[in-house]
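Welcome! Please take a look at the structure below, and then we will walk through how its parts meet.

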Amino acid sequence: MAEERPNILDLRLDELEAALEALQEPRWRARQVHQWLLSHRIGSFSEMTTLSLELRRKLDEAYSIRPLETEKHDETAERFEGDEPGTTEKLLLRLPDGERVESVLIPGRGRLTACVSSQAGCPFNCSFCATGKMGYRRNLSAGEICAQVWALSDMLEQRGSQAALSNVVFMGMGEPLLNTRNVIEAVENLSSRKYRYSTSQRRITISTVGIIPEIDRLAETGLKTKLAVSLHTADQRKRETLMARAAREHPLDRLRKSLARYASKTGEPVTLAYMLLRGVNDSEEDAKRLLAYASGFFCKINLIDYNSIVNIKFEPVYDEARDRFRRILQDAGAQVTLRKSYGTSINAACGQLATSTMRSSDNQ
Ligand code: SF4
């Protein structure tokens, strides 16, 4: 049955080279096949017209080409930074094995950002996050990560939009640094001018809960991507209540050393993401702890509004509390930005992504 043939879109370049060798073809042919897969919307090997008929036949016997399918499209019109109107859009995408992920298009002043998932579900189960409630299903392949960007980019192109995607953030479902190898390959493919979609690595952000060895590994790659860490509190005990597994496995003191190494090795600031939760991490003492944590290495702080999630009992802070918290940081000289949340009405905002299967069972 055709469905039993492995999906060639799941292979990284090194795996494609091994696959070509197994088909008694030179390894360098893998680059030609890769070029076809990443640059064209092809549905069959017969369309790879620069390859010999014999190679196309061998590939067709051994592999299938199964792209992602869009199952659902939601959108919501909002006012963005500087009061510019824009529309946040969310795609529910079906993977070839039936798993589902969500990807979001986020407009902003002078940019259009693709927020992509790196795993189906997530093993971390952070207390404020809908994805964590799904449990872990599997890592996405590099091809499946890239395909989310293509799906959003194609959506814009098909409607004749003048605007093109400018940024990519790994802030969708899953923890990217539990799938580092495929995330790195996806970053390389998404930033390669040879392929269908290309953006600068500096416009790609990898967001992690703080997987220490993988942050160290990322620092060694030479990638120019930005790194954001979901800190949410600088108090180890509090962090263990908010993000139990991540906090216990990657304690704040060791994490800080790793972030300092990363910033010093790459010369780039690390973004400390801090989601403000009313009565949990929004006090003056919390702000001072955060300041102490952020001092002494190259970083900036990004305050985030909490987005309500069904069955999760946190509340966003009032505007005055957020402003007070921000002032404490700024008065002490910290570099602080505020990330407004968009897409809350379609569950597309930070922490809200989860496939509808999970949501409907959640509500039962
Ligand atoms: S916040 Fe990130 S790491 Fe935590 S459960 Fe959600 S997706 Fe996983």
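The protein is divided into domain 1 (2-62) and domain 2 (69-362), with bounds that come from an automatic or database domain assignment. This is a predicted model, where local features need pLDDT of at least 70 and side-chain atom pairs count only at pLDDT 80 or more, while totals for chains, interfaces and linings use all residues. Residues are numbered from 1 along each chain as its sequence is written, and side-chain values use heavy atoms, with hydrogens and water left out.

The C-alpha centres of the two domains lie 33 Å apart. Where they meet (contact means heavy atoms within 4.5 Å), domain 1 gives 14 residues and domain 2 gives 15 residues.

| Class on the domain 1 side | Count |
|---|---|
| nonpolar | four residues |
| polar | five residues |

How much area is buried between domain 1 and domain 2? About 1300 Å², of which carbon and sulfur atoms give 42%; buried area is the accessible area (1.4 Å probe) that two parts lose on being put together, summed over both. In domain 1, Arg 12, Leu 38 and Arg 41 lose the most area to domain 2, together 49% of what that side buries.

Three salt bridges are counted between the domains, each a side-chain nitrogen of Lys or Arg within 4 Å of a carboxyl oxygen of Asp or Glu. Arg 41 also forms a salt bridge with Glu 157, their closest N and O atoms being 3.3 Å apart.

Key
Ala, Val, Leu, Ile, Met, Phe, Trp, Tyr, Cys and Pro count as nonpolar, Asp, Glu, Lys and Arg as charged, and the others, Gly among them, as polar.
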